[in-house]
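I opened this notebook to record what I looked up in one structure.

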Amino acid sequence: MPNLLLRLILLWSLVIAFIPAKVSALPLIDTPAPILLKAETYGVPEGLSQSTVTSITEDSDGYIWIGTLNGLNRFDGKEFKQYFANDGSGLKSSFIQSLYFHKDLLLVGTNNGLYTYNKEKNTFISVSGINGAVWSLQGMGDSILVGLNDKIAKEGANKSEM
C-alpha cells in the first residue's frame with residue numbers, strides 16, 4: 001500500500017509539473033487577433049467639396065466619383081475636381097443623391113433630375129423626362145432602375161436610349 005501511494009504522489013507531481021507548460025503554450029482562443037488596415041481619409045481640407053458623402057462609384061478610367069450634399073467630386077487618387085450647379089458643368093443642382101456607373105456611362109442623380117456625364121466635353125447632360133429627386137440608381141440587365149419620389153423608372157443603359 002505505501003508503494004502504491006508513493007507511485008500516485010509521484011504521478012500526480014509529474015502531471016502538475018507539466019500542465020502549466022502545456023496550458024501556457026496554447027493560444028488564447030477568446031482573444032481575436034488585431035486587424036490592421038492601412039487607411040487614408042479625405043475631407044474638406046484635402047479638397048472634398050462637402051463633408052457629408054451621399055454616394056460613391058468608380059468609372060472605367062479609375063476615377064472615384066463622390067456625391068455630397070453640396071457638389072460632385074472626381075478623385076484621381078491625388079486631387080479632387082469639383083462640380084457644382086451653375087458652374088458651367090451642366091448640373092442644375094449641387095445636392096448629389098445617387099451615382100451609378102455602367103458600361104462607360106456615369107449617371108448622376110440629384111434632387112433636381114438625372115444627368116449623364118460627357119467625358120469628351122467634361123459636362124453633364126440632363127436626362128429628359130426625369131426632373132424630380134433621384135434617390136437611387138441600380139442596374140438591372142440592360143436597363144437602369146431610377147428610384148424617384150413616387151415611382152421607379154426604367155431607363156435604357158445605353159447613351160442613345162437615355
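**Entry 1. Overall make-up**

What percentage of the 162 residues of the protein count as buried? I found that 35% of the 162 residues count as buried, where buried means under 20% relative accessible area, exposed means over 50%, and partly exposed lies in between (1.4 Å probe, protein chains only).

I noted that this is a predicted model, in which local features need pLDDT of at least 70, side-chain atom pairs count only at pLDDT 80 or more, and totals for chains, interfaces and linings use all residues. Residues are numbered from 1 along each chain as its sequence is written, and side-chain values use heavy atoms, with hydrogens and water left out.

I looked up the secondary structure and found one helix and 11 strands; helices (H or I, at least four residues) and strands (E, at least two) are DSSP runs, numbered from the N terminus. Read from the N terminus, the order is α-β-β-β-β-β-β-β-β-β-β-β.

I then took the accessible surface, which comes to about 10,800 Å², by the Shrake-Rupley method with a 1.4 Å probe; for residues, only the protein chains shown count as cover. Carbon and sulfur atoms hold 59% of this surface.

For contacts (heavy atoms within 4.5 Å), I considered those with a separation of 6 or more, and residues 24 or more positions apart account for 36% of them.

**Entry 2. Leu99**

I looked up Leu99 and placed it in strand β5, residues 96-102. Is Leu99 buried or exposed? Leu99 has a relative accessible area of 8%, so it is buried.

Leaving aside residues up to four places away in sequence, I listed the residues that Leu99 touches: Ser55, Ile56, Thr57, Trp65, Ile66, Gly67, Leu72, Leu107, Val108 and Leu137. For one of these, Ile56, I also noted the C-alpha separation from Leu99, which is 6.4 Å across 43 residues of chain.

**Entry 3. Salt bridges**

I counted three salt bridges, each being a side-chain nitrogen of Lys or Arg within 4 Å of a carboxyl oxygen of Asp or Glu. Side chains of opposite charge can pair when their charged atoms come close.

Asp61 and Lys119 form one of them, at 3.1 Å from N to O. This pair links distant parts of the chain, 58 residues apart: Asp61 is in the loop between β1 (53-58) and β2 (64-68), and Lys119 is in the loop between β7 and β8. I recorded Asp61 as partly exposed at 45% relative accessibility and Lys119 as partly exposed at 37%.

Asp104 and Lys119 also meet in a salt bridge, at 3.5 Å from N to O. Here Asp104 is in the loop between β5 and β6, 15 residues from Lys119. Asp104 is partly exposed at 37% relative accessibility.

Asp142 and Lys103 pair with their closest N and O atoms 3.1 Å apart. Asp142 lies in the loop between β9 (134-140) and β10 (143-148) and Lys103 in the loop between β5 and β6 (105-110), so the pair ties together parts 39 residues apart in sequence. Both Asp142 and Lys103 are exposed.

**Entry 4. Positive phi**

I looked up residues other than glycine with positive phi. Asn86 has phi near 60 degrees and sits in the loop between β4 (80-83) and β5. Asn86 is exposed, at 71% relative accessible area.

Asn122 has a positive phi of about 55 degrees and is in the loop between β7 (113-118) and β8 (123-126). I recorded Asn122 as partly exposed, with a relative accessible area of 27%.
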